[in-house]
Amino acid sequence: MAEYEHILVKRDGDTITVTMNRAARRNSLSADHLTELLAAFREAGTTDATGIVLAGAGPVFSAGHDFGDVAARDLMGVRELLTLCTELMRTMQSLPQVVVARVHGLATAAGCQLVASCDLAVAASSAGFALPGGKGGWFCHTPAVPVARSIGRKRLMELALTGDVVDAATALDWGLVNSVVPDEELDDAVAALLARATRGSRASKAMGKQTLYAQLDRPEADAYAIALEVMASASQLPGAREGMAAFLEKRKAEWPD
């Protein structure tokens, strides 16, 4: 894997871990940091890894956009920064691998957006989540986009308008994360969830993930039209053929991918 200034990238077996490593800046997302994250995820997407973990070094997962970077930009510059951030979020969802957020400490603003944009998320009991723009001067417009699709309208409005931090248990109840565990069990819980989420045919999983995102938030008829055609096509994949054969022959599947 490539060397970076603001992040650490490590592969262990079938899993690649991307760790935000600007602890002194609370893992805030400057343009340079976002550029490295985007490059790392794109590179990871080309590998044969089955899962990617997004983590943060230091006491905070991510404090969101780096205000020092934002304040130095004019309108066009801020648009470029937000476009870069949006491209990162969309790239994570387009990758064939399962992407899991490993959340400790605070995940605020664009940091909360990162969590919502990952396929899955495991939080430590100490974690907190916020869209703090609601009590400040710069509202969390773009971070609210994936958060809304995770927690629903009324809860989004509470989070975005108050700017309050919600604890990990509340984030779990609202659907922002998949599970909450004691801090000392976070790594084991992430690994266990990722192991369960990466079982089976890799090609089938990749197509399935991308189709899920393609049909989300579409009218039901459109969603069915997308899902029906992809599911029919996917029936011809080697993994699908092997899975059905193994079931019919009452044996363990031997995945070809």
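Guide: Helices are DSSP runs of H or I with at least four residues, strands are runs of E with at least two, and both are numbered from the N terminus. Just after helix H5, glycine 152 has a positive phi of about 90°.

Visitor: What kind of model is this, and how are residues numbered?

Guide: This is a predicted model: local features need pLDDT of at least 70, side-chain atom pairs count only at pLDDT 80 or more, and totals for chains, interfaces and linings use all residues. Numbering starts from 1 along each chain as its sequence is written, and side-chain values use heavy atoms, leaving out hydrogens and water.

Visitor: Why is histidine 33 called buried?

Guide: Buried means under 20% relative accessible area, exposed means over 50%, and partly exposed is in between, with a 1.4 Å probe and protein chains only. Histidine 33 has 0%, so it counts as buried. This residue is in helix H1, residues 31–45.

Visitor: What does histidine 33 touch?

Guide: Contact means heavy atoms within 4.5 Å. Leaving aside residues up to four places away in sequence, histidine 33 touches His6, Ile7, Met20, Arg22, Asn27 and Ser28.

Visitor: Is asparagine 27 buried or exposed?

Guide: Asparagine 27 is buried, at 0% relative accessibility. Its place is the loop between S2 and H1.

Visitor: What makes arginine 26 partly exposed?

Guide: Its relative accessible area is 42%, so arginine 26 is classed as partly exposed. Arginine 26 lies in the loop between strand S2 (15–20) and H1. Its phi is also positive, near 55°.

Visitor: Why is valine 180 called partly exposed?

Guide: Its relative accessibility is 27%, so valine 180 is counted as partly exposed. Valine 180 is in strand S9, residues 179–181. Among its contacts are Ala123, Ala168 and Leu172. Its C-alpha atom is 25 Å from that of lysine 205, which is 25 residues away along the chain.

Visitor: How do you know that the buried residues of H5 line one face?

Guide: Start with the residues: Ala144, Pro146, Val147 and Ile151 are buried in H5. They fall within an arc of 165° seen down the axis, so they line one face of the helix. The arc is that of the directions from the helix axis to the C-beta atoms. What covers them includes H4, H6 and H7.

Visitor: What puts the buried residues of H6 on the same side?

Guide: In H6 (residues 153–162), the buried residues are Leu156, Leu159 and Ala160. Their arc is only 90° around the axis, which puts them on the same side of H6. An α-helix has 3.6 residues a turn, so residues three or four places apart point the same way.

Visitor: Which exposed residues does the other face of H6 carry, the one turned away from its buried side?

Guide: That face carries Lys154 and Leu161. The cover over the buried residues of H6 includes strand S7 (128–130), helix H5 (144–151), strand S8 (166–167) and helix H7 (168–174). Just after H6, glycine 163 takes a positive phi of about 75°.

Visitor: What is the volume of the largest pocket?

Guide: About 660 Å³. On a 1 Å grid over the protein atoms alone, a pocket is an open set of points where a 1.4 Å probe fits, with protein on both sides within 12 Å along at least five of seven lines. Volume is the space filled by probe spheres set on the points, which are joined across faces, edges and corners.

Visitor: What makes up its lining?

Guide: Lining residues have an atom within 4 Å of a point. There are 27 of them, and Gln93, Ser117, Pro146, Arg149 and Tyr213 lie nearest the centre. H3 gives the largest share, five residues.
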